[in-house]
There are 2 protein chains.
Amino acid sequence: MAQQKKMVEDITSMEEDFAKWYTDIVKKAELIEYTSVKGCMVIRPYGYAIWENMQRILDGMFKETGHENVCMPMFIPESLLQKEKDHVEGFAPEVAWVTHGGSEKLEERLCVRPTSETLFCEHYANIIHSHRDLPKLYNQWVSVVRWEKTTRPFLRSREFLWQEGHTIHATAEEAVIETEKMLNVYATFCEKYLAMPVIKGKKTESDKFAGAVSTYAIEALMHDGKALQAGTSHYFGDGFAKAFGIQYQSKENKLEYPHQTSWGVTTRLIGAIIMTHGDDNGLVLPPAVAPIQAVIVPIAAHKEGVLEKSAEVASGLKSAGIRVKLDDSNNSAGWKFAEYEMKGVPIRIELGPRDIENNQCVIVTRHNNEKTVVSLENLSETISQKLEEVNSALYNKALENRERRTYSCTSMDEIKAILEEKGDGFVKAMWCGEEECEDKVKELTGVGSRCIPFDQENLSETCVCCGKPAKHMVYWGKAY
Amino acid sequence: MAQQKKMVEDITSMEEDFAKWYTDIVKKAELIEYTSVKGCMVIRPYGYAIWENMQRILDGMFKETGHENVCMPMFIPESLLQKEKDHVEGFAPEVAWVTHGGSEKLEERLCVRPTSETLFCEHYANIIHSHRDLPKLYNQWVSVVRWEKTTRPFLRSREFLWQEGHTIHATAEEAVIETEKMLNVYATFCEKYLAMPVIKGKKTESDKFAGAVSTYAIEALMHDGKALQAGTSHYFGDGFAKAFGIQYQSKENKLEYPHQTSWGVTTRLIGAIIMTHGDDNGLVLPPAVAPIQAVIVPIAAHKEGVLEKSAEVASGLKSAGIRVKLDDSNNSAGWKFAEYEMKGVPIRIELGPRDIENNQCVIVTRHNNEKTVVSLENLSETISQKLEEVNSALYNKALENRERRTYSCTSMDEIKAILEEKGDGFVKAMWCGEEECEDKVKELTGVGSRCIPFDQENLSETCVCCGKPAKHMVYWGKAY
């Protein structure tokens with residue numbers, strides 16, 4: 001028990017220092033380790049396994065919606081990056097530049113891709129000639145590099161893993177439908193598999209992706225009341241096609257410019273689940289992406305039959321498709337309890353001599369520390385059912401947190417007062433659509449526009465800032 | 001039929017120009033497309049799907065042997081790369097250097113990883129303290145960069161995809177066992193799933209990986225008689241541990257240096273299967289990694305019931321786990337035949353009105369163009385069985401080619417004469433173990449040492465070059 005206490009004491013509490021609590025967890029749950037390159041991290045086996053689970057589910061969803069995986073080079077020649085004006089302005093200040101190959105200076109600098117629109121466009125120009133070549137629905141799983149000043153594991157790092165979808169269509173209408181479809185895929189993924197409720201909406205003009213006509217996003221509210229952009233989907237119109245000379249022969253035999261989209265989610269989602277579900281004992285993982293869904297801890301393991309029965313139970317759960325781990329190491333049961341709490345394993349199964357006698361075991365759910373005694377008969381069904389309950393409970397808890405921290409406001413004073421009184425959260429307020437007001441709200445209240453939600457409400461007729469007629473309801477918040 | 005002829009005419013024949021035949025296939029089977037960065041390519045959906053199949057199988061084999069996936073950064077600081085003397089000497093001349101982040105010059109140059117030993121070592125030094133922390137059995141799926149002068153798609157490119165396994169063990173013995181185990185995993189993978197026979201052996205001193213104590217390799221013989229190194233596994237001893245200060249407390253409470261290995265295979269394997277199985281009509285893919293295992297081509301598709309029946313057959317095969325494609329496009333049957341021949345789809349299923357009447361279909365196997373009429377009853381079993389037969393036939397054909405082109409020689413003159421008479425191939429000949437003789441064989445006969453095979457034969461008592469006592473039988477060949 002001394003060991004158990006020690007581990008728990010090692011984490012800063014959320015209340016005391018949320019940022020420190022977060023970095024304590026990523027280290028102590030063995031998700032990452034720092035390296036000698038600032039802002040670049042090692043994703044350790046337990047962290048990478050979460051990402052692999054996310055990948056597997058998302059990749060299935062992408063393939064089901066007709067997308068194919070490809071792989072573009074990691075380097076972009078400077079001249080290629082410069083072809084689309086807004087795009088290069090947005091990304092050039094934060095790219096890493098390769099200037100030498102071996103001992104030779106390159107004729108042209110290459111940047112390490114911060115995103116791959118320009119590479120896809122060069123490729124499209126090579127392979128698209130006729131309406132029969134459209135649409136192309138592509139995706140790739142790679143890492144990208146953005147030379148950020150301040151970095152935090154998963155949330156903002158210089159190199160991060162992501163998927164980037166890139167599609168090209170004959171008509172604007174088709175491309176818009178695709179942009180919305182993929183935002184919906186992301187929302188479904190977050191809500192169903194990460195138990196994380198999200199707000200779907202459109203970014204304001206000032207917050208669009210560099211080169212996009214419009215950017216859609218899903219926004220989630222973290223435990224500390226800060227907002228996190230969890231995924232984005234961009235509609236490009238034919239701007240990139242014009243800049244890169246991509247044209248196709250239509251059915252009517254005319255040369256036309258096609259329309260494009262791109263969309264992405266990143267390892268940031270691991271940060272999102274830490275800050276949505278975690279607590280002062282460590283990680284709490286949603287079952288769908290947990291590397292270990294249930295851990296078996298034998299009690300009085302030295303007693304006859306305990307290890308054998310534990311192994312039998314483990315093997316039964318494994319064949320039912322449950323990701324189970326039997327910890328038969330020599331560490332104390334108390335140490336193990338704390339260890340798997342820290343690692344956020346959804347269910348702990350305790351199995352001791354008396355349990356075996358009674359053909360039962362004790363199951364403890366991580367998120368609420370609730371103990372239940374259940375029969376070993378049909379255990380895999382019981383556990384599968386329990387995992388679903390855990391998922392719903394996590395979702396509901398996160399939703400409650402968001403609802404409790406979402407405030408409707410109709411004046412600047414009200415925004416300031418409510419944030420002062422209740423702490424950070426989402427503020428819903430009306431907006432006239434002018435960038436000046438958007439900036440002023442941020443400057444005076446501290447919350448920036450997160451998105452114009454698809455689900456609009458009419459909170460008042462006038463802009464919360466200038467009092468002129470309102471165009472949209474906006475979610476405002478402090479962002480990660 | 002005009003279209004069919006046109007496509008076939010488009011490929012250079014192997015006899016005429018093997019190198020041109022190869023590049024024709026990678027382009028026309030839509031495996032890759034070139035980009036504006038020399039030596040970097042787009043891997044297109046059909047090529048990437050082959051790699052995904054390889055990944056899935058290999059990843060399963062790695063996990064079964066106890067390995068965990070991780071992800072290291074893509075950048076290595078210059079000072080870190082320099083820590084192990086032999087390693088930096090081998091790799092520094094061919095790395096890409098990042099010198100700027102945004103508009104700022106970096107304090108220290110970073111290279112884009114050519115391989116990740118140094119990053120793993122830095123990480124090991126952080127996380128390994130006690131014998132209880134050992135072994136670590138890691139792997140990662142990433143891309144690496146080597147600034148090659150001459151490049152060819154898949155075979156030698158500046159950026160390529162691979163997996164790199166990295167393990168660290170308490171004892172030298174354990175590490176040697178691991179090195180050999182993973183070479184065996186590679187050999188099994190190539191022979192069982194790629195239908196490509198390989199020679200397992202040890203590299204000579206001059207051909208070792210930079211920093212290794214010993215390098216093992218699998219070598220395959222391509223259709224043109226040239227050798228291709230298909231995978232390598234390295235034993236490092238404790239050299240890296242000493243250079244990076246990695247130590248652990250043993251059970252006896254002493255500070256010890258651990259022992260390391262690394263091993264890798266790359267997208268080069270796609271090149272290997274092209275040059276092992278391909279023919280003048282295009283690709284021939286081994287069923288285990290073929291993106292499409294069977295393609296259904298409806299005959300007289302406008303006739304009533306043909307498309308419906310084709311869809312029904314496709315859906316039946318799909319539920320049996322066969323990767324099937326129904327091509328119901330408006331292209332002519334002849335065009336489709338040529339298209340899927342080019343793409344190397346192992347089995348074509350033809351289904352026309354008369355077939356449907358007789359409850360049968362025609363199946364044509366790609367590698368030998370053999371037609372069989374089979375019943376639609378139990379078709380998925382028939383196809384599964386046929387896919388296995390195809391796999392064996394491909395393996396046997398490749399093995400026969402290798403046997404026919406493997407020559408035992410006991411003198412330099414014999415080597416020259418046999419290569420002159422029969423063309424390139426593997427030469428088996430005895431060697432004294434001196435680098436001078438190794439170089440001289442290459443200089444005078446054109447074939448370099450490929451490996452010292454584990455299966456040794458005693459062809460004569462003396463070195464083929466100097467006549468002194470022989471130590472090893474060596475496979476010699478011209479290498480890709």
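**Confidence of the model**

Chain A has a mean pLDDT of 96, and 98% of its residues reach 70 or more; pLDDT is the predictor's confidence in each residue, from 0 to 100. Residues 1-6 of chain A have a pLDDT below 50, and beyond near neighbours in sequence this stretch has 8 contacts in the model; a contact requires two C-beta atoms, placed from the backbone, within 7 Å.

This is a predicted model, in which local features need pLDDT of at least 70 and side-chain atom pairs count only at pLDDT 80 or more, whereas totals for chains, interfaces and linings use all residues. Residues are numbered from 1 along each chain as its sequence is written, and chains are lettered from A and ligands numbered from 1 in the order in which they are written. For the complex, the predictor gives an ipTM of 0.95 and a pTM of 0.96.

**Symmetry of the complex**

Chain B is superposed on chain A by a rotation of 180° with 0.0 Å of shift along its axis (RMSD 0.0 Å), using least squares on the C-alpha atoms of residues with pLDDT of at least 70 in both. This is the relation of a two-fold axis. In chain B, the C-alpha nearest the axis belongs to V98(B), 2.1 Å from it.

**Surroundings of R156(B)**

R156(B) lies in the loop between β7 (136-145) and β8 (159-169) of chain B; strands are DSSP runs (E, at least two residues) numbered from the N terminus. Leaving aside neighbours within four places in sequence, R156(B) is in contact with E148(B), T150(B) and T151(B). R156(B) and T267(B) are 111 residues apart in sequence, and their C-alpha atoms are 9.5 Å apart in space.

How values were computed: Helices (H or I, at least four residues) and strands (E, at least two) are DSSP runs, numbered from the N terminus.
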